[in-house]
Amino acid sequence: MYLTLEKLTKTFPPRGGAGEVHAVKDADLQISQGELVTLLGPSGCGKTTTLRMIAGFEFPTSGRILLDGKEINTLPPNKRDMSMVFQSYAIFPHLNIFENIAYGLHVQRISKSEVERRVGAVLELVELTGYEKRAPNQLSGGQQQRVALARALVMEPKVLLMDEPLSNLDAKLRESMRTEIRRIQRSLGITSVYVTHDQIEAMTLSDRVVVMNKGLIEQVGSPVEVYRYPQTRFVADFIGRANFIDATVTRGLPGQLAVQVYGQTLHLSNVKEVYSEGARLILIARPEMILVNSQGELPGIVRRASYLGNMVDYDIEVGGQLISVVDTDPRHTAIHAEGAAVGVSLLADCVHVLPG
Amino acid sequence: MTDIPSGHKPEIPPGRSPVSRFAGLVHRYREFALISRDPVLFMSLLFCGLFLLVFVFFPLARAISSGFINKEGLFDLKYFARYFDSYYGPVMRQIFWNTIRMGVLSSVIGTLLGFVFAFAMVRCQIPGKRWVHLIAMVPTVSPPFAIALSTILLFGRNGLITKQLLGLNYNVYGMQGLVFVQVITFFTVSYLILRAMLERLNPAMEEAAESLGAGRFHVFRTIILPLLIPGLAGSVLLLFVESLADLGNPMFIAGNMTVLSTQIFLAVIGEYDYQKASALAFVLLVPTLFVFLVQRYYVNRRSYISVTGKPSGSAPVEKSRLIRWTCIAITYLGCIFIILLYATVVYSSFTSAWGVNYAPTLRWWNDALTRGVEAILDTTFLSALGTPVAALIGMVIAFLIVRKKFSGKEILDFGSNLGGAVPGTILGIGFILAFKKGRVVMASILYAILALFFIFFATPSRREQVIMLILGTGIGLAVHFLAPQLGLKPLMYTYSGIYLGLAVISLVRRRKLGFYTFLGIAAYSALFNLVDIIAVPIAVAGRNMERGFWSSALYQMADYIKVPFQLSPVLLGMALLFITALVVRSENSRLRLPLGVIALALPCVLFYHGMPLALTSTPYIILAAYIVRSLPASVRAGVAALQQIDPSIEEASQILGADAQYTFRKVTLPLILPALLAGLIFSFTRHMTSLSAIIFLVTARWRIVTASIMSDFEQVGLMGASAYSTIIIVLVLIAIGVINLITRRVLRGRGDVDISMGA
Ligand SMILES: Nc1ncnc2c1ncn2[C@@H]1O[C@H](COP(=O)(O)OP(=O)(O)O)[C@@H](O)[C@H]1O
Ligand SMILES: [Mg+2]
């Protein structure tokens, strides 16, 4: 593995009445070369702290960070051969765009012609050619963002770190910069760690997503894995929308799991795990994994219906529980009215199961 | 530059229960260990801490305590009791209440005037904004009695306006005149505070109130006023303190009335009674300190707008024409008055005899530039020399406060403000009392702190630390006691030789740092004596010339050349310990131990040489007083600048491969340069115009213009005093202009230095 975190822990000392803060607890993570991994989680869950430990700005309380097999715990940031894009961009306000991007190269005393070549190339990459002599405050937010990215990329770092680099941009720009970053990262094959609290950003960008909560890593997996097979309730809830439905096992053979849901029996043929009979489970059903018809397996009553154009968004009361359902079938032109009695069916081969 | 792990050992795992006191101690210790891994932080912290200890806390403690101790060294409340006895009581109480009355009147009226200025500037679209602002700033760059001077010239017994024009027999001396003068002198502070607040006031709130049907006055009473209360309160408090501390104006214009500051002055200069002076200083200090604390912990905390709001683009214009034009009229009137007062100062310096004969003459200027040239040069030289030091210390303290986490930050912050916040007379008394004779105990404390720093910093080995400390100190003390009469001159020659030897050893062993450092110290020690070779002929040449400007100037020049090279032994010893600790640390062979012992022993001798810390009558005591006085302004400038710099900018530099030094040189320094330059302006201005803090410290050899005017007023007269005041103002303005020019060149249009921050 290229970059490895082993039982990485950071505890901030108590300050001003508050007790110790366990910002990151026993984080284990392995990142291979050329991979883009996002750290995803709500604000305050320890993403930035993890990233800053990798960069060397924070010193781990315990645990190890390995780069290319060598421990780098005690290496100062300037010796780590990494680059970072900051949330605030952190562009040097007293230097022009060229000087900003060339800063790291000047530190390395690279020859003038080489500096010009590399800066020119990276400017082309981020489509800022011709802006060399501008002062940073003459650039728009998106352009400043690209300068920050260029300044990090020009170093050809071993690892590229990004801390919510798009959070200060407006929605439209964010979307285009997202694909831009992905394109550049792919074409250069740079190992990258990307921090965000925006699940869509994480899903569209990453090879793998690391979902964090309260300093702990909840799950590591590809976007498909964390969406379809969340390992914890938190992950299921944080990424996308999810219905949590209580169920009891009636037959627990692998591949032939049958559960009791709202008094009906459901056969979950795709679940590989073995459960003992009578065990309590939680079914995780995404809204689009539930079908709504006039006559489904489970009787329900429509409590809210919103027509969104590409889909209809329902809240349906089933067995005393409100369930979110979206109907994306374009052939369904009729909308079930609020108060209408409907039938609901779970797509048994899609729903995911967690022990209750 | 956050806590960068520089890398020896991993952090000690955190203690479990932070509640217990022990865990707190462990935390302190761990923090200490962490700090010591960041040598730059550690050394700057130690440096600033020692500076504040020696030149703020120590003298202030002396100034306070000696009010309670009589000549026999016994506890004594004699002078406090006088407030309550029937003989002295009435006069003492009268003076006290005079002082309070002066403070209240000046601060309230000054705040009102400041508010009108601020309101006119922000809300009334007053024509000529730039000029109004500049005129309002003038009182901050003039000597503390200039206004009193011109008020006497215009409204005094022979006043141009009262006597000549109106033919009145008006007596300006007394409370009225004093309050008038203080209001003009101090209102600028209030204007700046309130202007900043008004600019940050969000107009949306007023508009919201008005849209709800509230009338103008109602809006003012319910919205604007409550939001401005912290600013108004802060302004009144600050002005109150300034007014109480003021010595220059009351000396000139209080007439028969005495206030505390003049009473203290007379106790020192007239009665040589330091116990009385200290006791009175304590009385003066109590309200000052009270206000300082209220300001710090109450007003600052409540000033919600000043912290959160950004200056909004366009403040609304006051709708009522009556209010608008009243404010504008008062503001213009104020400006005219200020111009008139300063013009009078300049004009009178060119008149033969004010009130009698207005014929133009250069007599006073001639006098000032011949007889007074010594004082003018001394003042300028010491002010200029202290300026970079003050700005640098201010910047370092600001950096520590804004960017670093450590226990005792509050104390550092407090201490750096304290010296400038207490009335100057108190600081002056403290300096006299603290540094008038040898202070062996204080010197020992300083030595102990620095020696401990030295050994812990120089070597990680416990064994070497102990040996260094014992041997180094032992040898130092042995030399001191065996050769107690050793003069400083032969001593410095010897040192020069020893350090030269160390430099040669370093050269042989190819230690670049050691070689250059020791060579530098050797050269410096040699210059201690050799500087006379240059200085003496200059002095002789000066003496031999025809008496006049150039003769005095040359003679003084000889003294100035010596100042940087003939540092007092204790200060020299402190500097040596600091510098050589770095060299010894970088030496990691068996030589480190003997090197450490020598490098500790040599400064140790200096700490006990002669009368340690007896700084009175040296220029260093005036320098120190200057620096202490101007520190708050430069710290404030630095804090403001650093808070605007996103910390991740420095981190960005680091992750791009730059080490701490490169980052500082290429990123931090250019970004804080405007503040640094502003700090230079504030410091120089404050030095040139200070009076109360240095009036007790001047000697025949080191004269300061402001103090000379006060003490020689009988000889100099009003016109002479005006000439000197004009010279001070001109010098300050030149300095401001020069620094502004440099700034503009360096910053290439990244903005001007904002001189208002120093007020
Ligand atoms: N320097 C610090 N000192 C004390 N606590 C900190 C520090 N930095 C972060 N924390 C705390 O650590 C936790 C995680 O912070 P962070 O890593 O910034 O979260 P995220 O980036 O996921 O929003 C938070 O509770 C935060 O308050
Ligand atoms: Mg964060």
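## Ligand 1 and its surroundings

A polar contact is a pair of N or O atoms within 3.5 Å, where, within protein, one must be able to donate a hydrogen and the other to accept it, and residues adjacent in sequence count only if both atoms are side-chain atoms. In this predicted model, an oxygen atom of ligand 1 lies 3.2 Å from a polar backbone atom of A:Cys45. On either side of that residue, a backbone N or O atom of A:Gly44 is 2.6 Å from an oxygen atom of ligand 1, and a backbone N or O atom of A:Gly46 is 3.0 Å from an oxygen atom of ligand 1. On its own, ligand 1 has 560 Å² of accessible area, of which the protein covers 69%; such areas come from the Shrake-Rupley method with a 1.4 Å probe, and for residues only the protein chains shown count as cover.

A residue is near a molecule or strand if one of its heavy atoms lies within 4 Å of it. There are 13 residues around ligand 1, and those that come nearest are A:Gly44, A:Gly46, A:Lys47, A:Thr48 and A:Thr49. Because the surrounding residues come from chains A and B, the site is shared between chains. Helix α1(A) gives the most to this shell, with three residues, where helices (H or I, at least four residues) and strands (E, at least two) are DSSP runs numbered from the N terminus. The shell divides into five nonpolar, five polar and three charged residues, with Ala, Val, Leu, Ile, Met, Phe, Trp, Tyr, Cys and Pro counted as nonpolar, Asp, Glu, Lys and Arg as charged, and the others, Gly among them, as polar.

## How the model is described

The model is predicted, so that local features need pLDDT of at least 70 and side-chain atom pairs count only at pLDDT 80 or more, while totals for chains, interfaces and linings use all residues. Residues are numbered from 1 along each chain as its sequence is written, chains are lettered from A and ligands numbered from 1 in the order in which they are written, and side-chain values use heavy atoms, with hydrogens and water left out.

## Strands in chains A and B

Two strands pair if DSSP finds at least two bridges between them.

In chain B, β1 (residues 351-353) and β2 (residues 357-360) pair in the antiparallel sense over two bridges, with B:Ala353 standing opposite B:Asn357. These two strands form a hairpin with three residues between them, and B:Gly355 in the turn has a positive phi of about 85 degrees.

Most residues other than glycine have a negative phi. A:Arg109, however, has a positive phi near 55 degrees, and this residue is found in the loop between α2 (97-107) and α3 (112-125). A:Tyr262, also not a glycine, has a positive phi of about 45 degrees and lies in the loop between β12 (257-261) and β13 (264-268).

Buried means under 20% relative accessible area, exposed over 50%, and partly exposed in between (1.4 Å probe, protein chains only). A:Arg109 counts as exposed because its relative accessibility is 76%, whereas A:Tyr262, at 27%, counts as partly exposed.
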